[in-house]
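Dear colleague,

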Amino acid sequence: MAVDVYVIATSSLGDRSYLASDGQQAVVVDPQRDIDRVLYLAGEKGVRITHVLETHVHNDYVSGGLELARMTGAQYLVAAADEVDFARTPVSDGEVVPVSDQLRLRVVATAGHTFHHLSYVLDEATGGDWRPVGVFTGGSLLFGTTGRTDLLGKQYAQDLAHQQYASAKRLAELLPDGVQVWPTHGFGSFCSASQADAPDSTIGREKQVNPVLRLAADEFVDQTLAGLDAYPAYYAHMGVANLAGPAPVDLTPVSRADAAELGRRIAAGEWVVDLRHRKAYAAAHLAGTVSLGLDGPMSTWLGWLIDWGKPVTLLAESPEQIAHAQRELVRIGIDRPAAQATGEAERWAADPGQLRELKMADFPALAAARAGRLPAGLPAPDVLLDVRMTNEWRGGHVDGAVHVPLPDLPERLAEVPAGTVWVHCGSGYRAAAAASLLVNAGREVVVINDKFDRAEAAGLAMVAPTTPTGGR
């Protein structure tokens, strides 16, 4: 095979970008905003980027395509039907784009995830003819699923779901079974209808396993729409930024805040985010901060929870962690944190009284407490709060729990019943974030830092699933 295809994964957002080359020329598909990763890979492989492709106007991240094309002189391929505020190479269904003597692209309209979504078939030259190697499917045909169809408004979701079905069928009929499928979404992104079911796939495999290629149209549409859960609030800003043409990123170091400044920012109601692991946060943290560790999808949850445009200050153990967080945040349009501080939690407090601890437990401890055997050092649970998403809740939950999804919690704190709150999610990450919000509101909280699938085994009574699940 003359073509090499390299995956550039952004696991924190659940997306993939791609660099495909014949060893000299290269195309880049759906690049994230921090394009230095792409430039480094191209330099490492010794290839020149001649084309940058967008499968669609993205809703879950700010694109780096415009800046990458500007820096490399590459053609920037964007759907002709998308009305953008910058110069690009407009492409439409049926066009053939030469890349080199060895590679070419065929543009295929695959509406569904968006109105003007495109897929790109990558052909390689073989014996005087062209052979399809793979297809970049963006948010159309994914691994065992498809892109969701409600991001442009619920009023369009059903029509777009029917278009998504037709687009997937078109790809399956157009391409041989051995052709590789290279999607952008499906690896944790809320842009996909459900999670990918494999690390790689082909057209032939998708015909065997993907509901969009196995169900009748109406059945697929009904099943897809029924499984959709909420998506991050910051998505409302991504498409706008991508249509306007994103500015280059600034990843230079952020100004350092001392304890006094941190105190002032917290008192002013700004977001001061502790990026350490939740266990470190529980051991000691600055009062008024929010726990969103770098070990999880920090940018997704922060972007979902905050009022857009509100100042954000970052706390971490090291400058390297701050730099990592900056990179994560520019991908969703939070360009410059207001300030940062590193080191131990004690350095962030003007006096020791500003430091707090957070109690942690597990599901066996909750079961013991409910059975009247309260573990030492823990307050009795008056309220069990489940902060998972709605589809997760419907998939089964602990009997007697109160459900408030984490994204809703800032606006629904008053709905959490009085008393000591034990809070859980699917693993402990979201529970720690929720606990920090509750403690900041004056509540006594215990974090259940445990996997939800251990709850029933611990002896807790469960409520059975009520609908098919699709949540994260």
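A charge is taken to sit over a ring if NZ of Lys or CZ of Arg is within 6 Å of the ring centre and within 35 degrees of the ring normal. By that criterion, Arg388 lies over the face of Phe452, at 3.8 Å from the ring centre. The charged end of Arg16 likewise sits over the ring of Phe187, 4.0 Å from its centre.

Please note that this is a predicted model, in which local features need pLDDT of at least 70 and side-chain atom pairs count only at pLDDT 80 or more, while totals for chains, interfaces and linings use all residues. Residues are numbered from 1 along each chain as its sequence is written, and side-chain values use heavy atoms, with hydrogens and water left out.

The structure holds 13 aromatic pairs (rings of Phe, Tyr and Trp, the last by its six-membered ring, with centres within 6.5 Å; planes under 30 degrees apart are stacked, over 60 edge-to-face, the rest tilted). One of them joins Phe190 and Trp301 edge-to-face, at 6.4 Å centre to centre and 85 degrees between the planes. Phe190 lies in the loop between β11 (180–183) and β12 (201–202) and Trp301 in helix α10 (residues 298–305), so the pair ties together parts that are 111 residues apart in sequence. (Helices are DSSP runs of H or I with at least four residues, strands runs of E with at least two, numbered from the N terminus.)

Trp301 also forms a stacked pair with Trp304, 5.2 Å centre to centre with 5 degrees between the planes. Both Trp301 and Trp304 are buried (under 20% relative accessible area, 1.4 Å probe, protein chains only; exposed is over 50%, partly exposed in between).

Yours sincerely
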